[in-house]
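I opened a notebook for a structure that was new to me. The entries below follow the order in which I looked things up.

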Amino acid sequence: MDSKVIAAVAGAIGLVFVIIAFRPVDVSNIPEHLICSSDADCVPEGDCHPTSCINRDFIVRYSEAFCTAECAPGTMDCGQGSCICHDNECVVMWVE
Amino acid sequence: MNKKLLIILAVLIILIPQVTSNDLSDKIDSEIIEEFKTEDTVSVIVVLDENAGIDINEQSVEIKDADWKTFDNEIEAVDVTYEYSAVMNGFAAEVNEQALEELEQDENVEKILYDHIYELALDTSVPLVSADDVHALQLNGVDLTGAGQTICVIDTGINYNHADLGGCLGDGCKVVGGQDIYNNDMDPVDDHGHGSHVAGIATANGTITGIAPDANLIAMKVFGADRSTGASQVLAGIDWCVNNATEFNISVITMSLSLVSGGSEIIFTSSSACDAYSDGGVVNASNSAAAQGLFVSAAAGNDGDTTGIGSPACGSNITSVGGVDDSDTVYYNRGSILDLLAPGVTINSTYYTNSDYAQMSGTSMATPHVAGAAAILNQIATIEGVTITTQQIEDALKEQGDLIADASSGLSYPRINILAAANYFIYPNLTYSENIADGSVLEPNTTTLTFTATDISGINTFWYNSIAVNVYDAYNTSTNWFVDVNWTAGEHNLTFYANDSINNIANTTLTLFVDSAPTIDDWVWNNGTGVSTTLANITIIENDTLTILVNVSDSDVYNNISYSWLIDDVEINTTEDLIYTMGLQSVGIHTLSLNVSDELNQSSTQNWNLTVSDVSAPVWSVIPNTTSDETDWSYDVSTYINNYDEDTLSYTMSISLSDFTISSVGLIEGDFSCLTSGNYTINVTASDGTTSVPSDFVVAVADSCTSGDDEDDDDDDEGSGGGGGSSGGTFDEDEEETTTEETVEENTTTEEEVEAETSSEETTDETVSTEETTDENTSDYPLGAFGAGLGEFDFSALSGNQKTASSIVVIGIVCAVCFGLLNNNHKKKGFKINFGNFTLSPAKKK
């Protein structure tokens with residue numbers, strides 16, 4: 001195959017890659033209180049035995065509460081899960 | 001019938017059952033066969049073909065094949081207990097042997113499994129802390145199970161209807177009272193399970209057995225089903241327990257809870273910071289309860305911090321409890337202020353539904369282990385009729401616990417050992433003074449043995465067995481007992497006793513050995529030429545033989561004597577008498593030692609000053625004169641010394657010139673260049689440490705400065721060279737002056753040249769700088785700095801176009817890598833960039 005054609009194809013692939021990689025992503029379908037840009041944005045929702053995460057800016061106030069000290073299944077107790085920012089949404093990363 | 005056919009048929013009849021029985025026996029777990037040896041019925045789990053079905057009747061079952069047709073295969077004596085359809089197709093049943101055989105033969109039955117009994121986890125944690133051993137003890141005829149003690153459980157309530165938790169609420173019940181503070185009513189029934197689980201660990205008494213199975217409970221329900229509550233509710237629970245402590249005999253409060261903010265536990269590394277923290281008053285209330293005599297245990301928290309624990313466990317009067325698993329691996333929060341460890345992983349205990357049990361993990365589960373232990377220790381104190389403090393309980397659990405090392409925090413913590421703590425409370429603690437350890441070897445003098453005895457109820461009496469030594473005095477203070485003994489040589493086994501107010505007796509046994517060291521009575525050296533005993537100085541010449549005869553005695557029973565002769569702490573002989581030849585290089589003063597010891601290592605030492613004198617002095621042969629004009633001149637004079645007795649020699653030198661040296665081995669070094677021509681005398685001295693002997697030689701120097709010109713060289717040729725010996729040679733003064741002037745001129749010239757060179761270097765630097773600029777403009781390398789290689793890369797030296805091109809290449813490589821990463825199944829994607837309402841990020845994977 002002609003070298004120019006090869007170069008053109010390679011250039012086109014690279015261009016497609018750039019477009020795909022850097023196209024803007026619409027976050028309008030993510031609830032506002034879950035939108036994030038980094039893991040540091042996300043914190044557990046609620047005090048005791050949390051099961052979900054939220055953007056820290058949406059915590060009205062950091063309350064304190066007394067919680068029972070068991071490792072409740074399905075919660076982030078005892079390192080069973082942690083909050084991360086995945087695709088601009090605060091989610092729980094569960095430990096297998 | 002054909003004879004051969006009959007034989008074949010007979011063989012088959014014999015073999016087939018063996019084959020089929022082997023095949024069929026593969027269906028049945030061996031434990032079932034084994035159990036039928038002693039039991040009439042066995043619990044089994046029958047695994048059916050996935051398409052088979054069953055009809056369950058009373059005490060029988062019909063198994064149907066995939067077509068759901070039955071072929072008169074009703075099996076009697078099968079008492080089905082469970083039917084399974086979701087996780088497997090089958091059923092559990094109690095069967096007899098006949099039913100087992102019929103099940104075995106049914107083609108729809110794939111396997112028949114033994115219904116294993118799984119140990120309830122509380123049955124593991126109770127033995128781990130030796131609570132079951134304590135339950136087997138009695139004190140004054142009373143079982144040590146926590147009877148008479150009440151534990152206040154501040155939690156989600158207690159399922160008092162559970163059979164293991166008494167089955168009722170109120171007088172005569174295990175749960176003697178309580179309150180629902182959370183819902184503001186009088187029924188503290190558990191609506192979650194956490195509180196019932198905690199209560200069961202501490203006091204269950206039924207299918208499972210808790211730490212203090214005969215202790216009572218108070219249910220303080222301060223949590224709802226969401227297990228979150230405020231300080232006011234917890235405070236109310238603590239307050240109620242303290243107010244009603246006397247009425248209900250409450251001696252322990254247990255709190256399996258922790259202060260949390262934003263989903264994370266608040267961690268404290270010091271009790272003072274914890275006490276000062278504004279938590280709504282819970283820590284202060286807990287400290288107050290402990291100060292009023294209630295033992296307060298609290299959970300350390302579960303976040304896995306290795307430097308601190310949660311609140312209120314961190315309070316200064318509160319006993320904090322961390323968690324371990326069955327192999328004593330430490331989990332959850334810990335740090336320097338953690339008090340105790342207890343089992344807290346996969347603990348099975350009572351639940352909020354009647355007759356049910358659940359497994360839970362966390363320091364919530366560890367804490368009631370300690371609460372139960374405290375109840376038992378309080379029971380012991382009550383039986384002995386003494387009052388103990390909460391600090392004494394905590395100290396006993398700490399000091400008698402099994403130390404568990406935790407690599408993550410770098411610290412060790414005591415995991416409770418309730419039996420050890422109970423014994424510590426029950427029996428006097430009797431110890432002897434540390435300077436007389438068991439197995440000690442003592443001199444046959446008077447020795448005072450000191451004993452210390454303590455007990456929570458006080459020490460009543462201290463005594464010892466009769467011993468065959470002269471005990472000439474014994475006396476005591478309130479805690480120490482002293483026994484003065486005048487020992488005789490030999491082995492002595494002694495037992496000492498103490499008892500408390502209710503005659504619990506402790507004893508300790510000592511085995512002591514009394515022995516005196518052997519003595520060096522006198523000695524003679526070198527056939528009597530040396531005087532014995534009082535003379536500590538021995539003189540001898542080098543290379544001579546030293547002979548010492550000694551008299552050593554040991555009159556007691558331990559008299560197997562060993563000998564060790566040393567010179568300057570180096571052992572040279574291990575026989576009784578010394579016969580030793582001194583070496584040629586031993587001139588000087590040494591320390592000669594003899595150490596004698598018996599089999600119990602009692603020893604004596606005698607030292608002597610050993611003076612070794614020299615045999616002969618070194619002698620010089622003639623050192624030849626020499627010539628030199630060298631910069632790096634050297635001359636080894638050691639080849640001209642005769643050292644007959646091989647002593648270590650040292651050398652010194654004197655010369656009228658500076659910068660000449662002589663080494664320790666006689667090598668002279670110096671610089672004869674650019675010196676005035678003539679003869680230079682060098683005096684040398686060799687010494688063996690005893691005698692110093694001098695010598696000398698001459699070095700003749702011609703005028704031979706290395707930076708001189710031909711004219712100077714001609715002048716040198718006209719002069720006369722140096723002669724041999726110290727008095728030889730001629731010396732031309734005029735010539736010397738001329739030479740000196742020329743030398744000055746040369747030096748001057750040299751300085752100018754240096755300045756010129758400096759100027760030249762500067763010019764060179766400018767040239768280099770210019771050249772670099774030229775390179776930048778002319779682009780000598782194909783791709784700018786890239787072509788020069790990494791070692792020469794200088795981004796700042798690139799042109800604008802070159803920088804842009806290089807940047808695009810680098811970004812392109814980074815993008816390619818990112819694209820590769822984007823296609824991996826990582827949960828975290830690449831970088832993101834926020835632009836107002838839009839966010840640039842790698843596309844969501846579909």
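Entry 1, terms. I take helices (H or I, at least four residues) and strands (E, at least two) as DSSP runs, numbered from the N terminus. Residues are numbered from 1 along each chain as its sequence is written, chains are lettered from A, and ligands are numbered from 1 in the order in which they are written. This is a predicted model, where local features need pLDDT of at least 70, side-chain atom pairs count only at pLDDT 80 or more, and totals for chains, interfaces and linings use all residues.

I looked up B:Pro312 and found it in the loop between strand 17 (295-299) and strand 18 (319-324) of chain B. The peptide bond that leads from B:Ser311 to B:Pro312 is cis, and its omega is near 10°.

I noted 1 helix and 6 strands in chain A. Read from the N terminus, its elements run α-β-β-β-β-β-β. Chain A has 96 residues, and 33% of them count as buried (20 or more other C-beta atoms within 10 Å of a residue's own; 12 or fewer is exposed, in between is partly exposed, and C-beta atoms are placed from the backbone). For contacts (C-beta atoms, placed from the backbone, within 7 Å) in chain A between residues at least 6 apart in sequence, 46% join residues at least 24 apart.

I noted 16 helices and 51 strands in chain B. Of its 846 residues, 34% are buried. Among contacts in chain B with a separation of 6 or more, 66% come from residues 24 or more positions apart.

Among the buried residues are B:His194, B:Gly195, B:Ser196 and B:His197.

I then asked how helix 6 (residues 194-203) and helix 11 (residues 363-384) of chain B cross. Their axes come within 7 Å and cross at roughly 35° (axes are lines fitted to C-alpha atoms, for helices over the stretch in contact, and angles run from 0 to 180 degrees between N-to-C directions). On the side of helix 6 of chain B, the contact includes B:His194, B:Val198 and B:Ile201. Helix 11 of chain B brings residues including B:Met365, B:Pro368 and B:Gly372. The residues of this contact between helix 6 and helix 11 of chain B divide into 6 nonpolar, 5 polar and no charged (Ala, Val, Leu, Ile, Met, Phe, Trp, Tyr, Cys and Pro are nonpolar, Asp, Glu, Lys and Arg charged, and the others, Gly among them, polar).

The axes of helix 7 (residues 231-243) and helix 10 (residues 282-291) of chain B come within 9 Å and cross at roughly 10°. Helix 7 and helix 10 of chain B are therefore roughly parallel to each other (angles under 35 degrees count so; over 145 is roughly antiparallel, 65 to 115 roughly perpendicular, the rest oblique). Residues of helix 7 of chain B including B:Val234, B:Leu235 and B:Ile238 meet residues of helix 10 of chain B, among them B:Val282 and B:Ala285. By class, the contact of helix 7 with helix 10 of chain B has 9 nonpolar, 1 polar and 1 charged residues.

I traced an open sheet of 5 strands in chain B, in the order 34-40-39-36-37, with mixed pairing (two strands pair if DSSP finds at least two bridges between them). Strand 34 (537-541) and strand 37 (570-573) of chain B are the edge strands, each pairing on one side only. Strand 36 (residues 562-567) and strand 39 (residues 588-597) of chain B run antiparallel and are joined by 6 bridges. The bridge partner of B:Leu566 in strand 39 of chain B is B:Ser593.

Strand 23 and strand 24 of chain B form a hairpin with 4 residues between them. B:Gly410 in the turn has a positive phi of about 75°.

B:Tyr332 has a phi near 65° and counts as buried, with 32 C-beta neighbours inside 10 Å. B:Asn543 has a phi near 70°, but is partly exposed, with 16 other C-beta atoms within 10 Å.

Methods: Two residues are in contact if their C-beta atoms, placed from the backbone, lie within 7 Å.
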